[in-house]
Amino acid sequence: MSQIRSPEPFWRTTGVKTPWGPFDPDARLNFSFDVSPWVTSAGVGLALADCEVLTDQKLQASREIDGQIITVRMQAAAGQTLVPETYLSFRLRMTLSDGQRDDRTFWLLVRER
């Protein structure tokens, strides 16, 4: 789909729920996703129009879009306790300028880091 950009090798692509990365219960992390390969393959002259971030109820996310780079800030939702060794998900719901839409799901494995 895209090039996933993060400050260190973070995302793993093995296992049942992929891609996944370890997520400390107290973390506030930014994840950047370059979706230009998907936009380019979808058609000539298209642009990323919007991206919703849909999260597990225990997570809170905010996002910024800069061209075809989506940056998501992820943290525990207010009042939520993240239980170690559980998986939580978030989904990028991307919409192109011609109305095409696609979802990509990512998993966070709660672990003390």
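Predicted model: local features only at pLDDT ≥ 70, side-chain atom pairs only at ≥ 80, totals over all residues.
Me: How many salt bridges does a search of the whole structure find?
Reply: The search covers the whole structure, and a pair qualifies if a side-chain nitrogen of Lys or Arg lies within 4 Å of a carboxyl oxygen of Asp or Glu. Among the pairs found are Asp-102 with Arg-104 and Glu-85 with Arg-111. The number of salt bridges is four.

Me: How many residues apart in sequence are the parts that Arg-63 and Asp-50 tie together?
Reply: Arg-63 and Asp-50 form a salt bridge, with their closest N and O atoms 3.0 Å apart. Arg-63 belongs to strand E5 (residues 59-66) and Asp-50 to strand E4 (residues 48-55), so the parts tied together are separated in sequence by 13 residues.

Me: Is Arg-63 buried or partly exposed?
Reply: Buried means under 20% relative accessible area, and exposed means over 50%. Arg-63 has a relative accessible area of 37%, so the residue falls in between.

Me: Where does Arg-111, the partner of Glu-85, lie?
Reply: The side chains of Glu-85 and Arg-111 meet in a salt bridge at 3.3 Å, N to O. Glu-85 is in the loop between strand E6 (69-76) and strand E7 (87-96), so the pair ties together parts 26 residues apart in sequence. Arg-111 lies in the segment after strand E8 (101-110).

Me: What relative accessible area does Arg-104 have?
Reply: Arg-104 and Asp-102 meet through their side chains in a salt bridge of 2.7 Å, N to O. Asp-102 is partly exposed at 23%. Arg-104 is likewise partly exposed, and its relative accessible area is 24%.

Me: Which class describes the ring pair of Trp-11 and Phe-90: stacked, edge-to-face or tilted?
Reply: The structure holds twelve aromatic pairs. Trp-11 and Phe-90 have ring centres 6.2 Å apart and planes at 55°. Planes under 30 degrees apart count as stacked and those over 60 as edge-to-face, so this pair is tilted.

Me: How many residues apart in sequence are the parts that Trp-11 and Phe-90 tie together?
Reply: Both Trp-11 and Phe-90 are buried. Trp-11 is in the loop between strand E1 (3-5) and strand E2 (20-23), while Phe-90 is in strand E7, so the distance along the sequence is 79 residues.

Me: What is the angle between the ring planes of Phe-33 and Phe-106?
Reply: The two ring centres are 4.7 Å apart, and the pair is tilted. Phe-33, in strand E3 (residues 28-34), and Phe-106, in strand E8, link parts of the chain 73 residues apart. Both residues are buried. The planes of Phe-33 and Phe-106 stand at 45°.

Me: Which residues form one aromatic cluster?
Reply: The tilted pairs Trp-11 with Phe-90 and Phe-33 with Phe-106 both contribute members to the cluster. The cluster consists of Phe-10, Trp-11, Phe-31, Phe-33, Phe-90 and Phe-106.

Me: Over the ring of which residue does the charged end of Arg-12 sit?
Reply: The charged end of Arg-12 is 5.4 Å from the centre of the ring in question. That ring belongs to Trp-20.

Me: Which residue makes a side-chain polar contact with Gln-75?
Reply: Gln-75 lies in strand E6 and counts as buried at 18% relative accessibility. Residues that Gln-75 touches include Phe-23, Lys-58 and Arg-28. The polar contact of 3.4 Å is with the side chain of Arg-28.

Terms used:
Residues numbered from 1 in each chain as written. Heavy atoms only, no water. Helix = DSSP H or I, 4+ residues; strand = E, 2+ residues; numbered from the N terminus. Buried < 20%, exposed > 50% of the residue type's maximum accessible area, 1.4 Å probe, protein only. Phe/Tyr/Trp six-rings, centres within 6.5 Å; stacked < 30°, edge-to-face > 60°. Lys NZ or Arg CZ within 6 Å of the ring centre and 35° of its normal. Polar contact = N/O pair within 3.5 Å; in protein donor to acceptor, adjacent residues only side chain to side chain. Contact = heavy atoms within 4.5 Å. Lists of a residue's contacts leave out its neighbours within four places in sequence.
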